[in-house]
Amino acid sequence: MEASVILPILKKKLAFLSGGKDRRSGLILTIPLCLEQTNMDELSVTLDYLLSIPSEKCKARGFTVIVDGRKSQWNVVKTVVVMLQNVVPAEVSLVCVVKPDEFWDKKVTHFCFWKEKDRLGFEVILVSANKLTRYIEPCQLTEDFGGSLTYDHMDWLNKRLVFEKFTKESTSLLDELALINNGSDKGNQQEKERSVDLNFLPSVDPETVLQTGHELLSELQQRRFNGSDGGVSWSPMDDELLAQPQVMKLLDSLREQYTRYQEVCRQRSKRTQLEEIQQKVMQVVNWLEGPGSEQLRAQWGIGDSIRASQALQQKHEEIESQHSEWFAVYVELNQQIAALLNAGDEEDLVELKSLQQQLSDVCYRQASQLEFRQNLLQAALEFHGVAQDLSQQLDGLLGMLCVDVAPADGASIQQTLKLLEEKLKSVDVGLQGLREKGRGLLDQISNQASWAYGKDVTIENKENVDHIQGVMEDMQLRKQRCEDMVDVRRLKMLQMVQLFKCEEDAAQAVEWLSELLDALLKTHIRLGDDAQETKVLLEKHRKFVDVAQSTYDYGRQLLQATVVLCQSLRCTSRSSGDTLPRLNRVWKQFTIASEERVHRLEMAIAFHSNTEKILQDCPEEPEAINDEEQFDEIEAVGKSLLDRLTVPVVYPDGTEQYFGSPSDMASTAEHIRDRMKLVNLKRQQLRHPEMVTTES
């Protein structure tokens, strides 16, 4: 019977064990009767409960029952005493009925109890409250009977409820824990053969029950000390003393079973964690080897342009994003496995390492596939980028070659040729870069083995390889065509440079010839003071004419070269209508002026030679000197020379040009006249010798 079941009855305090003892060390059972009618059934229940508390050893010492009838009637007291015979006949050794002062008929009461002594089996005495000390020590009596024993019924009842609750919960918990622990041991043995369904959660919290037990034990133990706080000293109740070892025993059992239970929970938690890890590992492995690998198998192309490669890269980034979520799970699982490995449970090390190795192999293999695919797409993007740049360069070069060259001068041609060479060099560098990117991309594709995507990739690789080689071959052919066109354009431009150079040099030859003509007319004016000097001037003039002839011939050759170049270039020579007429015109003018200069010098030589013969006194040739015809000839040559000095050079176009300045011509003419005067004087001397003698 539990106190909680009859709690309303127990609260009425129909009977109680105060903890006091009689002189035989028997427990004192007190039944305080009241003015109201006592419910005998409830009293019987209360007595049954109270008598179930002491141990058999205590019961063997018997009970002293104090029936407090001071507030009750005799017939009620008599009924209670008789009831004691039925409830606890063997355990009751003495019944003390506390009577009220001057109440009840002593004779009757005494007679009745005395008469029934043998039948009741215990002694019943009527005693006033102040006479109880004859039978029971005052320290064993409560204050109601003038004793010093402290008793708080509600405090006792509350502690009894706590004790019974603890006892019930701990007993039930012990059974549950024992079942769990024993079931777990059996489950560990048969774990690999069958799944053991065990209830791993007790009905109550073990920690709470243990805490309740410790608090109860602490309070029970504190009540063993008397007057520790300076208060009234009292001895603990016998049931409290009996409860301490029972509580301690339950606590010890609980701690033992709870420790085993914690270990079971730890093992179960570890097994559950291991199973969860294994399940997650298989989820990661199955996804990576299933949908993840399938995604990579579906992506094998490299694209045929930058846009296509970028689209493939974007698709690959989406695939990587999905893989990243599973890789994050892998990292978390790897940390959990590492933590379990550090725990050092030998029985799980092999399985954990196997899971870790399997997970790492799959993840690293898949990560390698992703990285390989990313590098391949990046290489393809760079290859297509270089191919596009090279294509644009070739288009620009081809456009430049398709435009006809119409430069203004040789410098612009040289600049255009330099730009053309730079573009060709840039194309060559671009093609070399394309080949390097292509070779690198082909090397990556050739390293792509069947393990990369879990299938044979020969067909897909062949398409990629054919595309790459096709792009490189196409760029090579386009570059070769451009090189051929550049060679033709270079030859044409070099011919144009040569044409412009010939035209420039021909124009320069005209300028040089004009300068020679100008020098001839302005500086070549002296006729010499004697025949020897005049001959020297004539020789110099012939050399001067040779220089002019060479200049003219050089100009003619250049103009002939321009005609040939124009025919080769299929263009009209500008020199044929401009430079050539100028060259011929200047050369004609130079020829006329040169011939005039030669005539004058030859006349001057004849004049000076004859003059010098006349003026020299040569007796060996008197006949020659005396020949009048010579004097006439000299005079005629001199006059002709003087006349020629005054006559300008007339060009075919009707223009006139004089040699030197008028002062220069006057000086030359004066010198000729002086020579003619000397000749006339010599003539006079030869005609009239006496005139020479007289003068002498």
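In what sense do strand 3 and strand 4 pair, and over how many bridges?

Author: The model is predicted, so local features need pLDDT of at least 70, side-chain atom pairs count only at pLDDT 80 or more, and totals for chains, interfaces and linings use all residues. Residues are numbered from 1 along each chain as its sequence is written, and side-chain values use heavy atoms, with hydrogens and water left out.

Strand 3 (residues 63-68) pairs with strand 4 in the parallel sense, over six bridges. Strands here are DSSP runs of E with at least two residues, numbered from the N terminus, and two of them pair if DSSP finds at least two bridges between them. Within this pairing, Val67 stands opposite Val97 of strand 4. Val97 in turn stands opposite Leu126 in strand 5. Strand 5 (residues 123-127) pairs with strand 4 over five bridges, again in the parallel sense.

Strand 4 (residues 92-98) has six of its seven residues buried, so the rest of the structure largely encloses it. Buried means under 20% relative accessible area, with a 1.4 Å probe and protein chains only.

Val67 also figures in the surroundings of Ile31, a residue of strand 2 (residues 27-32). Ile31 has 0% relative accessibility and therefore counts as buried. Beyond its neighbours within four places in sequence, Ile31 is in contact (heavy atoms within 4.5 Å) with residues including Val65, Ile66, Val67, Asp68 and Val80. Ile31 and Val80 lie 49 residues apart in sequence, and their C-alpha atoms are 8.8 Å apart in space.

How values were computed. Helix = DSSP H or I, 4+ residues; strand = E, 2+ residues; numbered from the N terminus. Buried < 20%, exposed > 50% of the residue type's maximum accessible area, 1.4 Å probe, protein only.
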